[in-house]
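Please keep the sequence and the structure in view while reading the numbered points.

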Amino acid sequence: MSDGKSGAGDSNEPEMKGWLLKWTNYLKGYQRRWFVLSAGGVLSYYRTENGTSGNSGGVKSVIRRRRKNRLNQAEMSHTCRGTISLHGALIHTVDSCTFVISNGGTQSFHIKTANEVERQSWVTALELAKAKAIRAMESEEDEETETAHAVPSEELNVVLKEIAIRLENLRTCYDLITKHGAALQRALSDLETPGDDIAIKTKTVNERATLFRITSNAMINVCTEYLKTAENQGQKWSKMLQQERGHRQRLEEMVEQLAKQQRHLEQQAHRIIPNVASSTSDDEDNEFYDAQSTTSPTFVSPQIDDSFILKYQNRSCFIDRTGSSSETEGDELNNKSEINSTEVKQVTVIPEEEKSVSEIVETMDETDRVILGNGRFGKKSSTLRQRRTAVPNKPNYPLNLWSIMKNCIGKELSKIPMPVNFNEPLSMLQRLTEDYEYANLLDIAAKCTDPCEQLAYVAAFTISSYSTTANRTGKPFNPLLGETYECDRTDDLGWRVIAEQVSHHPPMAAIHCEGNEWTCWQEFTMTSKFRGKYLQITPLGSSNVEFPASGNKYTWRKVTTTVQNIIVGKLWVDHTGEMEILGANKASGIKCHLTYIPYSYFSRDAQRRVKGLIMNEKNEAKWVLNGIWDNKIEIAPVISTSGSENSPVYKTGSYNIIWSRRLPPPNSEKSYNFTVLASQLNEPEEGVAPTDSRKRPDQRLMEEAKWDLSNKEKVRLEEKQRTKRREREAEAEKAAKEGRPYPPYEPIWFKKQQDDNTENLVHVYKGDYWESKKRNDWSKCPDIF
């Protein structure tokens, strides 16, 4: 099927190319495609091969061949059906002939080869190309960093001194050439004079010519050195000038944008203030504007309007085997209308009566959150461990923010070398564990007999995971590859978590949480960009919860998070976008659509609002959800429906508050705005794995307010991780040269397998961590700290 040709030494030649079978869709199955693996770590596929003619037949045939090659290359560029970058991709072997390339859930290639040998050769080539792409990107970033951090005055002095030396050498050579040239000219003149000493004169001419030739060669060498120095320094300074010009252009754009925004805000304020009393029927038609960048929004306990309008996209999707692949071939979508149809629906929600205070369900206290009786973890222990309620106060260390930020604009967040001054003393694994602070909602959902009502509580749980992010602007520590975190709260909260960093490129964490009557797991990866004024984070992984008693399962993806006022003003966080929670297994067909409303300075609506609608398998609305994502959530049943199909009006019963946020402890702003649970996550604990985040030295030093030592330790750990990665890459290259397979990195407590519903590759818990802890057997854990 594939000739599996390896590229030549030329960097422009592909690393490997050949015919393979690629999964397209359920209508056409696997299709034969021509794959090309470039030296830059990009895998592309085409319908046709870049063919060449047969044996050479003279100059004309060579010219015809070259002309045909150029035409074929142009055709290949034009007919490229899809590409995937290997820098942040995961390569997984499914069976003896099939492998999958995925870049974190947004794009997947399912590829099949003719035999196992061919599959292994392609997988090895892909792994090597991925390693080379990572090294190339890091070396380029290191070069940019060195160039950006060079002191212009010192660098200029060094360059001028070197050029002066080269010029002095040129003057010396010029003087010598002039001297020996004149001597050679005199010797030639003497040779033309008649006499008997011809042999002596000839010898003198040869000597003078030899000296002239030597001096000329020296002149050529000195000129070459001068030219080389000028070219190198010219390229370097040109690159620095280009970077500086780019920074200046971005700054000008930011200033211009701020000026326009301020002018627009002033105009809008004068326009809106006289019309404050007026109202419109559709709050979604309002034009929203950003908050002023010099201040952060002030949030008070808002009064939520129970009547609202919700617009959402009603999707009927054909689940493709490749998941959410962004590359879809044109010839494979002939029946596009059957595969994916989307329509925008607008619904109006009107409550029948006011809230009944007696029916409000308040959030449980921490000590009441365990479901009594014999659950997965048995009865609650009579003695509870005493845990801390706060972390040491954050020290006030000065930092030149702009000196760091100006070189980070436009870069991936994970590639920015940040000091711990921007961090909080928690790792990303611990931050993800905070999602379960209000896991009592899942305990209540497990007891619901109505799947739609159960989904309403699940939706409230997904919203509650954002409740602590409103004023948490510190960056968590990026986990090292193989780093783990456990949180066993079965004695008081009724759940336990095990998390692991399962991939470094792309950064990916896998989390598994067990409750008494539910199991929740997620795979978290993200893309992030710093744009100077704000930082935008887009999660890519999926989250799941399953209730074994009923067999109901629900899946969702998190919404986009934006950190505002990076340069000017106080930092604040907003969450925006659409979230769909889809039912599976026994709950198949049930879905919830949530809309996170973006913050608007002039909106009459409550800020940080979220609206939702729960629909059954017949696409009938059953529950309405309404609230503030950092305050409270209330739900109401739909009792009647009127209006058209695309613009229905739902009349609801009384609203019940099913979740409300607990107030943070006093003076929490002095300790990173941590909640009580967040303060306990990094508390030292005996018996945990040696790879646990609690044992990470730089994070511990930061919590103890030893930031200088923490920064040094952070650099040491990151360099240790890079060294280990280079060792693995060297072993992989050695194995490839020897023609033997080299196994990729495998997580310790998680494994990759296909999801039963979406057939995407996900990391799932193996199930042996807590047993290893009981035996105190950590032999599988690597040395990462």
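**Comments on the predicted model**

1. Cys448 is buried, as its relative accessible area of 14% falls under 20%. The model is a predicted one, and it contains 0 disulfides. Cys592, too, takes part in no disulfide: the nearest cysteine sulfur belongs to Cys452 and is 9.9 Å away. A pair of cysteine sulfur atoms must be within 2.5 Å to count as a disulfide, so the distance of 9.9 Å between the sulfurs of Cys592 and Cys452 rules this pair out. Cys592 is buried, with a relative accessible area of 1%.

2. Overall composition. The protein chain has 785 residues, of which 46% are buried. Its secondary structure comprises 13 helices and 30 strands. The accessible surface amounts to about 39400 Å², and carbon and sulfur atoms contribute 51% of that area. Among contacts with a separation of 6 or more, 65% are between residues 24 or more positions apart.

3. A cis peptide bond. Which residues does the cis peptide bond with an omega of about 0° join? The bond lies between His505 and Pro506. Pro506 belongs to the loop that runs between strand E14 (495-504) and strand E15 (507-515).

4. Positive phi angles. Asn585 is not a glycine, yet its phi is positive, near 55°. This residue is part of strand E22 (residues 572-585), and its relative accessibility of 40% makes Asn585 partly exposed. Arg608, also a residue other than glycine, has a positive phi of about 60°. Arg608 is placed in the loop between strand E23 (591-596) and strand E24 (609-615). Is Arg608 buried or exposed? With a relative accessible area of 6%, Arg608 is buried.

5. Side chains of opposite charge can pair when their charged atoms come close. The whole structure holds 30 salt bridges. One of them joins Glu424 to Arg472, with 3.1 Å between the closest N and O atoms. These partners are 48 residues apart and link distant parts of the chain: Glu424 sits in strand E11 (residues 423-427), and Arg472 in the loop between helix H9 (451-464) and strand E12 (475-477). Glu424 has a relative accessible area of 1% and is therefore buried. Arg472 is buried as well, at 3%.

6. A salt bridge within a helix. Where do Arg700 and Glu703 lie? Both are in helix H11 (residues 697-703), separated by 3 residues, or about one turn of the helix. Arg700 forms a salt bridge with Glu703, and the closest N and O atoms are 3.1 Å apart. Both of these residues are buried.

7. Further charged groups. Arg431 and Glu434 form a salt bridge whose closest N and O atoms are 4.0 Å apart. Arg431 counts as buried at 14% relative accessibility, and Glu434 is buried with a relative accessible area of 4%. Which residues are linked in a network of salt bridges? Arg385, Glu685, Asp692 and Arg694 are linked in this way.

Terms used:
Residues are numbered from 1 along each chain as its sequence is written. This is a predicted model: local features need pLDDT of at least 70, side-chain atom pairs count only at pLDDT 80 or more; totals for chains, interfaces and linings use all residues. Side-chain values use heavy atoms; hydrogens and water are left out. Helices (H or I, at least four residues) and strands (E, at least two) are DSSP runs, numbered from the N terminus. Buried means under 20% relative accessible area, exposed over 50%, partly exposed in between (1.4 Å probe, protein chains only). Contact means heavy atoms within 4.5 Å. Accessible areas come from the Shrake-Rupley method with a 1.4 Å probe; for residues, only the protein chains shown count as cover. A salt bridge is a side-chain nitrogen of Lys or Arg within 4 Å of a carboxyl oxygen of Asp or Glu.
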